[in-house]
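Here is a short report on one protein chain. Keep the sequence and the structure open as you read.

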Amino acid sequence: MDKNREWHTQSIKHKIATVLILDGVSFRYTKEDGIVFSAPADYVERLIYRLVTCYGASVKPIIKEYK
């Protein structure tokens with residue numbers, strides 16, 4: 001089982017926030033870091049795939065591990 005890690009993104013914040021809310025994933029937002037949330041790596045991979053295929057993201061969002 002994957003351990004939860006913290007992730008952050010400045011990409012398509014409105015769509016990412018919507019999907020995180022629908023999935024029940026809590027997150028915070030700051031101007032400097034963008035959206036910061038905690039999830040396993042496999043969830044993040046599926047999230048990126050869903051955003052492009054299901055939610056109409058025109059580009060693949062960049063979601064990086066938060067340090």
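## The whole chain

This is a predicted model. The protein chain has two helices and four strands. Along the sequence they follow the pattern β-α-β-β-α-β. The radius of gyration is 11 Å, close to the 11 Å that the globule rule gives for 67 residues, so the chain is as compact as a globular protein of that length.

The C-alpha atoms fill a box of roughly 30 × 30 × 20 Å, taken along the principal axes. Of the 67 residues, 33% are buried. Residues 24 or more positions apart account for 61% of them.

## The helix pair

Two packed helices are described by the angle between their axes and the distance between the axes. At what angle do helix 1 and helix 2 pack? Helix 1 covers residues 13-23, and helix 2 covers residues 41-53. They pack at an angle of about 120 degrees, and their axes are 11 Å apart. Angles from 65 to 115 degrees count as roughly perpendicular, and those over 145 as roughly antiparallel. Helix 1 and helix 2 are therefore oblique to each other. The crossing of helix 1 with helix 2 is right-handed.

Which residues meet where the two helices touch? Helix 1 brings Lys15, Ile16, Val19, Leu20 and Asp23. Helix 2 brings Tyr43, Leu47, Arg50 and Leu51. By class, this contact has six nonpolar residues, three charged residues and no polar ones.

Is Ile21 buried or exposed? Its relative accessible area is 58%. The cut-off for exposed is over 50%, so Ile21 counts as exposed. Ile21 and Lys60 are 39 residues apart along the chain, and their C-alpha atoms are separated by 19 Å.

Tyr55 sits in the loop between helix 2 and strand 4 (64-65). Its relative accessible area is 33%, so Tyr55 is partly exposed. Which residues does Tyr55 contact, leaving aside its neighbours within four places in sequence? They are Lys15, Val19, Leu22 and Arg50. Lys15 and Val19 in helix 1, and Arg50 in helix 2, also take part in the helix contact. Tyr55 and Thr18 are 37 residues apart along the chain, with their C-alpha atoms separated by 9.8 Å.

## Two strand residues

Ser38 is in strand 3, which covers residues 34-39. At 36% relative accessibility, Ser38 is partly exposed. Leave aside its neighbours within four places in sequence. Ser38 is then in contact with Asn4, Arg5, Glu6, Val25 and Ser26. One of these, Arg5, is 33 residues from Ser38 along the chain. The C-alpha atoms of Ser38 and Arg5 are separated by 5.3 Å.

Thr30 is in strand 2, which covers residues 27-30. Thr30 is partly exposed, with a relative accessible area of 27%. Where does Leu51 lie relative to Thr30? The two are 21 residues apart in sequence and 21 Å apart in space, C-alpha to C-alpha.

## A backbone angle to check

Most residues other than glycine have a negative phi. Now look at Ile12. Its phi is near 20 degrees, a positive value in a residue other than glycine.

Where is Ile12 in the chain? Ile12 lies in the loop between strand 1 (5-9) and helix 1. Ile12 has a relative accessible area of 23%. Buried means under 20%, so Ile12 counts as partly exposed.

Methods: Residues are numbered from 1 along each chain as its sequence is written. This is a predicted model: local features need pLDDT of at least 70, side-chain atom pairs count only at pLDDT 80 or more; totals for chains, interfaces and linings use all residues. Side-chain values use heavy atoms; hydrogens and water are left out. Axes are lines fitted to C-alpha atoms, for helices over the stretch in contact, and angles run from 0 to 180 degrees between N-to-C directions. Angles under 35 degrees count as roughly parallel, over 145 as roughly antiparallel, 65 to 115 as roughly perpendicular and the rest as oblique. A crossing is left-handed if the near helix is turned anticlockwise from the far one by less than a right angle, and right-handed if clockwise. Contact means heavy atoms within 4.5 Å. Ala, Val, Leu, Ile, Met, Phe, Trp, Tyr, Cys and Pro count as nonpolar, Asp, Glu, Lys and Arg as charged, and the others, Gly among them, as polar. The radius of gyration is taken over C-alpha atoms; the globule rule is 2.2 Å times the number of residues to the power 0.38. Buried means under 20% relative accessible area, exposed over 50%, partly exposed in between (1.4 Å probe, protein chains only).
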